[in-house]
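Work through the following exercises with the structure open. Each task is followed by a solution in steps.

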Amino acid sequence: MHIGPEHPADQHDRIRVRGARENNLRSVDVDLPKRRLTVFTGVSGSGKSSLVFGTVAAESQRMINETYSAFVQGFMPSLGRPDVDVLDGLTTAIVVDQERIGADPRSTVGTATDVGAMLRVLFSRLGTPRIGGPNAFSFNLATVTAGGAITVQKGKDAKAEKVTFTRLGGMCPDCEGRGTVSDIDLTQLFDDTRSLADGALTIPGYGTDGWNVRMFAESGFFDRDKPIRDYTDQERQDFLYREPTKRKIAGINMTYEGLVPRVRRSFLQKDREAMQPHVRAFVDRAVTFTTCPACDGTRLNDVARSSRIAGRSIADVCGMQITDLADWLHGLDEPSVGPLLDGLRDALDSFVEIGLGYLSLDRPTGTLSGGEGQRVKMVKHLGSSLSDVTYVFDEPSTGLHPHDIERMNGLLLRLRDKGNTVLVVEHKPEVIQIADHVVDLGPGAGANGGTLCYEGTVEGLRASGTVTGEHLDDRVAVKPVVRRRTGVLEIRGADAHNLRGVDVDVPTGVLTVVTGVAGSGKSTLVHGSLSARDGVVSVDQSGIRGSRRSNPATYTGLLEPVRKAFAKANGVKPALFSANSEGACPACNGTGVVYTDLGMMAGVATTCAECGGKRFDQSVLEYRLGGRDISEVLAMSVAEAERFFAAGDSRIPAAHAVLSRLADVGLGYLTIGQPLTTLSGGERQRLKLANHLGEQGGVIVLDEPTTGLHLADVGQLLGLLDRLVDAGRTVVVIEHHQAVMAHADWIIDLGPGAGHDGGRVVFEGTPADLVAARSTVTGQHLADYVR
């Protein structure tokens, strides 16, 4: 066979990146091999995501968007070009990240994938009695009936015709497709034996002399001196439920609305974790969510539930565990809908293959962990016949037991072997081991990162001398001596979701790790039976509500003492040192950038010419504390700010205490003025944890705190957990990382499998006993890990 010169098309076997400068990247040059598995490593904040997601994936998606017509682009998110000199050899990028799937109350696993839509078609074709099309089985569509007259033009004559219109939907009218109804306990809002003037309202922030109370007292709808229980029916209706109404109160035009909608808007639409402890306690006390009695939580009306296939309604089918549903579908033999059944079976088999067979289709997407959400997004790509695609993954091992990581590795390799380029941001050694190519960024985080430390094979990484290479083969010993418990927290008869009447004692005064394969019931047991108790603080990875104006300094309360110190040192008002208040730059309103909307093309964000991106009015920047202005302080990293506020003219003990807690949880590299919207799930959890470190005593529950942590940082986390316990806290950690298990005083292992194959306690005891017994999947993996 004659082998001629290389074809020009075969020369493009690499993605070339030159001069990448997104975020903290320092003109990074790197070549990424195509149709190979490349893993990106480095400490948290080293620039991995900036390179992979912010540069390579972002530019690929931007260029794909530009292939559509201007009309279509007008409906798509506009993307700016990344800060990079050269990007060659890009292919279509599919990003599978850990961004939570929308937590809308009506969003479920079924609606977030194609499975729900296919099931609705299946029931509309085969269900008996036949009730209508697919919409009749949708809990997002209400039944609508309308009628009226229309004018029909026929030639020169116009004739009025009476028409009626009916759209059959499956939504339960009582809960509007949510499955739950929320109820506010009115007794927690006010004391009906008192009048408004006498302090009847018991809501935080509703003091007798505040504007919130004046709004009601001076509305004119009722007597401020009359006890609430003596109100007439109309007065009570106006007090509790009146629609927004314009009223003149204290000479000012204001909008009055009833107490219940006002409480819903003020408290229920805010992030619970961001609330002050006394406000959070009020919300937990005053609001209850109960299963809708009309639909029994199925979200569907009676008509939708009346149609059945082989004795099962669509509500029954969506409530089944996916492994059982797959078996049920394989038992259906209906040639008339053969292609539809094949598509459903393939999709459900993908769920099982990816380790999500324990879920049900009616599971709300808001209850999925970041790792589960990422794997749900993967389902649609597993059966894809596309090749030469770039798949980009963000820590796919998150939420996975070591037993499940082997399966995930197989899926990543399968995607690669189909001729795709797979880019993975990852910290777990088990995933790094399977890489064809490794890119290590660092050497540190934030301003100390953003440079290429190593590029090559896994074996070369071990010998490279980088932080990742040095810690790749880290192992820990099982703790030889464990702490003694001071008592127990009893859990009895826990039976939520897949738990099978679990009775277990969680020891107090020690570090307890709850483990088990994904879907074994860990989160259900801990969050369902422990987190809701008084004195228990639960710190998870859910998003922090806030705009791009929110940052670590505002979230932690750090900015308050800093503003006061600036004001005191310069003899002016504290409000001047807030970019959201009087100190804001008038040109950009304190955002630091000016946005120009270009319609269907990428909008342009240009640095504000007035303030140079500093967000503050020029006159404010003349005021200094310790030689720095407020914008320079907000540009500091946590570690730098901790040193700045520790001594000298800039010494602020309250600010230093907050910064010490942020450094303790491994966030020393974060900029204190960095928008919260840019933080990862692990960073959000550690930020919330830092908020709680200043509180005394109690129980702290952590949900996979090693998420997003580099191998070198796990030791720092273990030190932090030790300090929490030594300070008198009880710490309960849901975790898969073997180093955390080995460091525990007590382990509770759930299983033996996932879904209805789990939900039982298969081991309780010390890590040493678990390793010695090797009686569970966790025990076997832990025994293989420890030295």
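**Exercise 1.** Which residues of α4 are buried?

*Solution.* The model is predicted: local features need pLDDT of at least 70, side-chain atom pairs count only at pLDDT 80 or more, and totals for chains, interfaces and linings use all residues. Residues are numbered from 1 along each chain as its sequence is written, and side-chain values use heavy atoms, with hydrogens and water left out.

Step 1. Locate the helix: α4 covers residues 115–126. Helices (H or I, at least four residues) and strands (E, at least two) are DSSP runs, numbered from the N terminus.

Step 2. List the buried residues (under 20% relative accessible area, 1.4 Å probe, protein chains only). In α4 they are V115, G116, M118, L119, L122, F123, S124 and L126.

Step 3. Find what these residues pack against, with contact meaning heavy atoms within 4.5 Å. Their partners are the helices α3 (109–112), α10 (314–318), α11 (322–330) and α12 (338–353), together with strands β12 (308–309) and β13 (312–313).

Step 4. Check the span. The 12 residues of α4 reach 16 Å from first C-alpha to last, close to the 16 Å expected at 1.5 Å a residue; the expected value is 1.5 Å times one less than the number of residues.

**Exercise 2.** Give the strand order of the sheet that contains β5, and state which helices lie across its strands.

*Solution.* Step 1. The order is β5-β14-β15-β3-β16-β17, an open sheet of 6 strands with mixed pairing. Two strands pair if DSSP finds at least two bridges between them.

Step 1. β5 (93–96) and β17 (451–456) are the edge strands, each pairing on one side only.

Step 2. Inside the sheet, β14 (390–394) and β15 (421–425) run parallel and share 5 bridges; Y391 has V422 of β15 as its bridge partner.

Step 3. Helix α1 (48–65) lies across β3, β5, β14, β15 and β16, at about 135° to β5. Helix α14 (402–417) lies across β3, β14 and β15, at about 150° to β15. Axes are lines fitted to C-alpha atoms, for helices over the stretch in contact, and angles run from 0 to 180 degrees between N-to-C directions.

**Exercise 3.** Why is one side of β21 and of β27 left without a neighbour in the sheet?

*Solution.* Step 1. The open sheet has 6 strands in the order β21-β24-β25-β20-β26-β27, with mixed pairing.

Step 1. β21 (536–539) and β27 (760–765) stand at the edges with a single partner strand each, so one side of each has no neighbour in the sheet.

Step 2. V513 is bridged to I747 in β26.

Key
Buried means under 20% relative accessible area, exposed over 50%, partly exposed in between (1.4 Å probe, protein chains only).
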